[in-house]
Amino acid sequence: MGIVNYMAKEVAKEIGNKSREFYEFVLPPVDMYLEDDSLIAVIDLPGFDKKDIRLTLNKNILSITAEKHESRTENPVYKQRPRVIDKKIPLPVQVKDDDVISAKLVQGVLTVRIPIVKNGKQISIE
């Protein structure tokens, strides 16, 4: 039965690796809201510390890079949580280049406030 247990353990590791790779590709979930003259992006990054996260904004592309440095590596049985996140998010609005962008991480939820340019003219309907 030793070989069966070994094979089951190896299959479980491989499933864990593939599912983690999938989550690293699709994560993090992002919600966006318009609020006054800002776009608010709410990004779930559970398990990542502030020092592990890097945000950049280039034109209207918000880049989120995060990497965990795990200390527990001995004998993992199943690992699914992502260690690395690298996501580029095209913003649906024009960003003000000269204004301050703020970000806050609270309990694994990153909230980014991005000032936007309001284009267009209000049209009244008769």
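This short talk walks through one predicted protein model, from its overall layout to a few single residues.

Let me begin with the chain as a whole. Among the contacts with a separation of 6 or more, 55% are made by residues 24 or more positions apart.

Now let us turn to how the strands are joined. Strand S1, residues 30-35, is linked to S2 by six bridges, and the two run antiparallel. One of the pairings here is that of Glu35 with Ser38, its bridge partner in S2. These two strands form a hairpin with two residues between them, and in the turn Asp36 has a positive phi of about 55°.

S2 also pairs with S7, for seven bridges join these two strands, which again run antiparallel, and there you can find Asp44 standing opposite Val109 in S7. S7 in turn is joined to strand S6, residues 102-106, by five bridges in an antiparallel arrangement, where Ala103 stands opposite Val112 in S7. The hairpin of S6 and S7 has two residues between the strands, and Gln107 takes a positive phi near 50° in it.

Which residues touch the most other members of the largest nonpolar core? In that core of 18 residues, they are Ile43, Leu45, Leu62 and Leu91. The elements that give two or more residues to this core are S2, strand S4 (61-67), strand S5 (84-90) and strand S7 (109-115). As a general remark, nonpolar side chains in soluble globular proteins tend to be buried together.

Let us stay with Leu45 for a moment. Leaving out residues up to four places away in sequence, Leu45 touches Pro28, Ile53, Ile64, Ile85, Gly108 and Leu110. The C-alpha atoms of Leu45 and Pro82 are separated by 9.7 Å, although the two residues are 37 residues apart along the chain.

Leu91 is another of those core residues, and, with neighbours within four places in sequence left aside, Leu91 is in contact with Met32, Leu39, Leu57, Asn60, Leu62 and Ile114.

For a residue of another kind, consider Ser63, which lies in strand S4. Ser63 counts as buried because its relative accessibility is 10%. Not counting residues up to four places away in sequence, Ser63 touches Arg54, Leu55, Thr56, Lys87 and Lys88.

Finally, a word on the aromatic rings. How many aromatic pairs does the count give? The count comes to zero aromatic pairs.

Key:
Residues numbered from 1 in each chain as written. Predicted model: local features only at pLDDT ≥ 70, side-chain atom pairs only at ≥ 80, totals over all residues. Heavy atoms only, no water. Contact = heavy atoms within 4.5 Å. Core = buried A, V, L, I, M, F, W, Y, C linked by side-chain atoms within 4.5 Å. Buried < 20%, exposed > 50% of the residue type's maximum accessible area, 1.4 Å probe, protein only. Helix = DSSP H or I, 4+ residues; strand = E, 2+ residues; numbered from the N terminus. Phe/Tyr/Trp six-rings, centres within 6.5 Å; stacked < 30°, edge-to-face > 60°. Pairing = 2+ DSSP bridges.
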